[in-house]
Amino acid sequence: MDDYERRARLAPGLLALLPVSVALAVLGLSKAPVVVSVLTALSLAGGPVVLAELVRHQGRKVQEVLWASWGGSPTIQKLRLRQDGQNSLQRETWRKAVSFVTGIELPSVRSERANPVKADETIEVAVGQIRSLTRDEVKFPLVRAENRSYGFHRNLYGIRWTGRITGLLVVLGVLMYIVWLANVDHQSALTLVNTLALLSTVACLVIWCVLPSPARMQNAAERYAYELLQAAVVLAAEKAEPAPEGAAQ
């Protein structure tokens with residue numbers, strides 16, 4: 001896995017499993033032979049890769065739904081001429097840069113209004129080329145960073161119900177274990193370890209109920225779109241630079 005896959009895809013999946021890990025660790029079960037064997041088998045069988053792919057799939061699904069509710073991806077919205085609330089000077093700068101770098105003429109206002117679907121498709125093709133030209137993390141670190149951030153928030157929101165249900169089940173499991181100790185095994189139930197296990201798993205559940213949100217995902221998408229289009233301006237400036245004197249023709 002590369003850095004993007006670890007941070008944007010694997011990390012949300014591991015956060016969904018965090019309540020289980022916390023409960024096992026606090027209750028002292030993480031070193032049990034059965035638990036160790038299962039975790040080892042999952043690791044050797046490519047468990048992290050499978051987990052990352054499942055998270056990615058859910059993130060892509062929720063992205064399609066939210067983009068439709070937003071009226072399109074933030075990058076496309078920033079380049080539309082018919083889009084209200086845009087800085088016209090900034091938009092024109094981005095449009096010229098994208099067209100110059102990709103060689104794709106972005107649609108006019110008349111074209112956008114006549115056929116908005118085709119206009120968006122044209123913009124999407126151009127933006128796709130800009131993405132391909134800005135994959136160098138050394139040259140465009142902010143694009144890469146914001147892309148990771150957006151991927152993390154998108155995938156986190158995509159698996160929010162998995163994280164919430166897992167957290168709730170673990171909390172109920174810890175509660176049932178405490179009740180069993182008190183009523184069946186006749187042991188002290190509210191020990192420090194059991195209390196820590198309960199509080200920790202409840203905290204994980206609260207995090208899953210609060211952290212994933214469409215607003216955070218949209219903010220991350222807006223930041224990524226801005227940095228991507230700023231990178232297009234940099235590419236256009238580099239392309240427009242005259243060749244050094246003495247360079248081979």
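Reply: Start with one cut-off: buried means under 20% relative accessible area, exposed means over 50%, and partly exposed lies in between. Note also that this is a predicted model.

Me: Why is Glu146 called buried?

Reply: Its relative accessible area is 17%. The cut-off for buried is under 20%. Glu146 therefore counts as buried.

Me: Where is Glu146, and what is it in contact with?

Reply: Glu146 sits in helix α8. Leaving aside neighbours within four places in sequence, its contacts are Arg223, Tyr224 and Glu227.

Me: What makes α8 mostly covered?

Reply: Of its 18 residues, 14 are buried.

Me: How do you know that the span of α8 is close to the expected one?

Reply: Helix α8 covers residues 141–158, which is 18 residues. From first C-alpha to last, α8 reaches 26 Å. At 1.5 Å a residue, 26 Å is expected.

Me: Why are α3 and α8 called roughly perpendicular?

Reply: Their axes cross at roughly 90°. Angles of 65 to 115 degrees count as roughly perpendicular. The label therefore applies to α3 and α8. The axes come within 7 Å.

Me: Which residues make that contact between α3 and α8?

Reply: From α3 come Val55, Arg56, Gln58, Gly59, Arg60, Val62, Gln63, Leu66 and Trp67. From α8 come Tyr150, Arg154, Asn155, Tyr157 and Gly158. By class, the contact has six nonpolar, five polar and three charged residues.

Me: Why is Ala11 called partly exposed?

Reply: Its relative accessibility is 24%. Partly exposed runs between the buried cut-off of 20% and the exposed cut-off of 50%. Ala11 therefore counts as partly exposed.

Me: What surrounds Ala11?

Reply: Ala11 is found in helix α1, residues 3–26. Neighbours within four places aside, Ala11 is in contact with Arg6 and Phe152. Ala11 and Leu156 are 145 residues apart in sequence, but 8.7 Å apart in space, C-alpha to C-alpha.

Me: What makes Pro48 partly exposed?

Reply: Pro48 has a relative accessible area of 34%. Exposed would need over 50%, and buried under 20%. Pro48 therefore falls in between. Pro48 is found in helix α3. Pro48 and Ala11 are 37 residues apart in sequence and 9.8 Å apart in space, C-alpha to C-alpha.

Me: How do you know that Glu222 forms a salt bridge with Lys78?

Reply: Their closest N and O atoms are 2.9 Å apart. A salt bridge needs a side-chain nitrogen of Lys or Arg within 4 Å of a carboxyl oxygen of Asp or Glu. The pair therefore qualifies. Side chains of opposite charge can pair when their charged atoms come close.

Me: What does the pair of Glu222 and Lys78 tie together?

Reply: Glu222 lies in helix α11 and Lys78 in helix α4, so the pair ties together parts that are 144 residues apart in sequence.

Me: Are Glu222 and Lys78 buried or partly exposed?

Reply: Glu222 has a relative accessible area of 29%, so Glu222 is partly exposed. Lys78 stands at 12%, so Lys78 counts as buried.

Me: What makes Arg95 and Glu112 a salt bridge?

Reply: The N to O distance is 3.7 Å. The limit is within 4 Å. The two side chains therefore meet in a salt bridge. Arg95 lies in helix α5 and Glu112 in helix α6, so the pair ties together parts that are 17 residues apart in sequence.

Me: Why do Arg95 and Glu112 count as buried?

Reply: Arg95 has 7% relative accessibility. Glu112 has a relative accessible area of 0%.

Me: How many salt bridges does a search of the whole structure find?

Reply: The search finds 14. Another of them joins Arg80 and Asp120, with the closest N and O atoms 2.8 Å apart. Arg80 is buried, and so is Asp120.

Me: What does the whole chain look like?

Reply: The chain has 11 helices and zero strands. Buried residues make up 38% of its 249 residues.

How values were computed:
Residues are numbered from 1 along each chain as its sequence is written. This is a predicted model: local features need pLDDT of at least 70, side-chain atom pairs count only at pLDDT 80 or more; totals for chains, interfaces and linings use all residues. Side-chain values use heavy atoms; hydrogens and water are left out. Helices (H or I, at least four residues) and strands (E, at least two) are DSSP runs, numbered from the N terminus. Buried means under 20% relative accessible area, exposed over 50%, partly exposed in between (1.4 Å probe, protein chains only). Contact means heavy atoms within 4.5 Å. The expected span of a helix is 1.5 Å times one less than its number of residues. Axes are lines fitted to C-alpha atoms, for helices over the stretch in contact, and angles run from 0 to 180 degrees between N-to-C directions. Angles under 35 degrees count as roughly parallel, over 145 as roughly antiparallel, 65 to 115 as roughly perpendicular and the rest as oblique. Ala, Val, Leu, Ile, Met, Phe, Trp, Tyr, Cys and Pro count as nonpolar, Asp, Glu, Lys and Arg as charged, and the others, Gly among them, as polar.
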